[in-house]
Amino acid sequence: MSNGVPDRHRHVPVLLERCVTLLAPALDEPGSVLVDATLGLGGHSQALLERCPHAVLVGLDRDPAALDLAGRRLAAFAGRTHLVHAVYDELPEVLDRLGHTEVRGVLMDLGVSSLQLDEVDRGFSYAVDAPLDMRMDPSSGPTAAEVLNTYPAADLSRVLREYGEERFARRIAELVVRERAREPFTTSARLVDVVRQAIPAATRRHGGNPAKRTFQALRIEVNHELEVLGRAVPAAVEALAVGGRIVVMAYHSLEDRIVKGVLTPQARSTAPPDLPVELPEHAPVLRLLTRGAETADEAETGANPRAASVRLRAAERVRRRSTGHPAPGMARESARGSARESARGSARGSARGATRSAGDPAGSVERDVEGDAA
Ligand SMILES: C[S@@+](CC[C@H](N)C(=O)[O-])C[C@H]1O[C@@H](n2cnc3c(N)ncnc32)[C@H](O)[C@@H]1O
């Protein structure tokens, strides 16, 4: 047991020092709001609360088990933490309810935590035979088994190709459809077996477990990870005060492409090339703090395999947006509007949207954010 978190759930935070170095300069004023949009087991949050004694944390996670463990870990900071059960594209509503008009820091450490990978029953790992679930919020939405057993072959194939970048997507999808007619899929070992059979023998021999890409694709589909991320990053940038900073760590190219696609264009002038002077509304909204995407060094990847695929991007907000110039990605619909849609579309757990103080680790509801907590 360390910091209230059982050792079996030890999640080693990736690029911890770098995240603190990037965010801390924005968090030195009393009451500076830091959003950890992917609280997980609270490792990054703990380091930031220690290093930034004036900061107040709003920690979000869609996984109630992660919130409970993070609550225990952060109990010593209970007076300056609000832990909220929410999907991160709901950030604007969460901030509204907490009365924060802007924030000074946002951290997003995407993907799954060790807690989710290690809890065999959650079905995230292809290495152990377990029920095919893969929902980060076990109270909401269809499971991986439901996706496998109900999607038409064409849709399954698209999911595997787009989200798993799987070359043999069609072969796998067709075999899944044949196999499920014999008996529906329930556990991971059978899926691993079917993927192996669907892939040509020559390919099977290299590149690690061939089921890895299929599992990644199913997880992304089950949790709508890319759609949610595509709304959340613009919303996080909009929430930043001038001088506020955002740090995002992605773990595969699909996520990183979305992050880059939001941050990089906003760090460029939008002045038409033939305009002799840049008008204030054409000036960049962000200043990039990283050159391209940063990765972890050999020492860190040797000690923490999760760090091997990280791509970190960071930016600082340098000006307010002029009225009438909506943010990229938010032009047609505000992120808030989209978040509401997504919230309506998903089954809501009883604790969903409830705020907890970290000093209340058992998860008792301190304040009902959404008004629908049981
Ligand atoms: C990599 S872990 C974060 C680990 C954390 N930085 C730490 O140091 O312990 C990612 C966490 O984000 C959560 N998560 C992933 N997608 C989310 C989303 N769309 N909304 C809210 N939480 C999300 C997962 O449930 C998981 O707990």
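**Exercise 1. Work out how helix 7 and helix 11 pack together.**

Step 1: get the geometry. Helix 7 (residues 153–164) meets helix 11 (residues 212–222) at an angle of about 100°, and their axes are 8 Å apart. Helices here (H or I, at least four residues) and strands (E, at least two) are DSSP runs, numbered from the N terminus. Axes are lines fitted to C-alpha atoms, for helices over the stretch in contact, and angles run from 0 to 180 degrees between N-to-C directions.

Step 2: Helix 7 is roughly perpendicular to helix 11. The cut-offs are these: under 35 degrees is roughly parallel, over 145 roughly antiparallel, 65 to 115 roughly perpendicular, and the rest oblique.

Step 3: list who touches whom. Helix 7 brings Val159, Leu160, Tyr163 and Gly164, while helix 11 brings Arg213, Thr214, Gln216, Ala217, Ile220 and Glu221. Two residues are in contact if their C-beta atoms, placed from the backbone, lie within 7 Å.

Step 4: sort them by class. You get five nonpolar, three polar and two charged residues. Ala, Val, Leu, Ile, Met, Phe, Trp, Tyr, Cys and Pro count as nonpolar, Asp, Glu, Lys and Arg as charged, and the others, Gly among them, as polar.

A quick note on what you're looking at. This is a predicted model, where local features need pLDDT of at least 70 and side-chain atom pairs count only at pLDDT 80 or more, while totals for chains, interfaces and linings use all residues. Residues are numbered from 1 along each chain as its sequence is written.

**Exercise 2. Is helix 11 mostly covered or mostly open, and what does it pack against?**

Step 1: find the partners. The buried residues of helix 11 pack against helix 6 (144–150), helix 7, helix 8 (169–182), helix 9 (188–198) and helix 12 (225–239).

Step 2: look just past the end. His224 follows helix 11 and has a positive phi, near 50°.

Step 3: Helix 3 (residues 64–73) has seven of its 10 residues buried, so the rest of the structure largely encloses it. Among those buried residues are Asp68 and Arg73.

**Exercise 3. Which residues of the largest nonpolar core touch the most other members?**

Step 1: know the term. A nonpolar core is a set of buried Ala, Val, Leu, Ile, Met, Phe, Trp, Tyr and Cys residues joined through C-beta atoms within 7 Å.

Step 2: name them. This core has 67 residues, and Leu34, Ala37, Leu91, Val106 and Ala236 touch the most other members. Helix 12 gives the largest share, seven residues.

Step 3: zoom in on one. Setting aside residues up to four places away in sequence, Leu91 touches several residues, including Val35, Leu60 and Ala239.

Step 4: look for another core. There's a second, separate one of 30 residues, with Phe124, Met134, Leu160 and Ile199 among its members.

**Exercise 4. Which residues come nearest to the ligand?**

Step 1: find the nearest. There are 21 residues around the ligand, and Pro13, Thr38, Gly40, Gly43 and Asp63 come nearest. A residue is near if its C-beta atom, placed from the backbone, lies within 6 Å of the molecule or strand in question.

Step 2: find the elements. Helix 2 (43–51) and strand 2 (56–61) each give two or more residues to this shell.

Step 3: sort by class. The shell divides into nine nonpolar, eight polar and four charged residues.

Conventions: A residue is buried if 20 or more other C-beta atoms lie within 10 Å of its own, exposed if 12 or fewer, and partly exposed in between; C-beta atoms are placed from the backbone.
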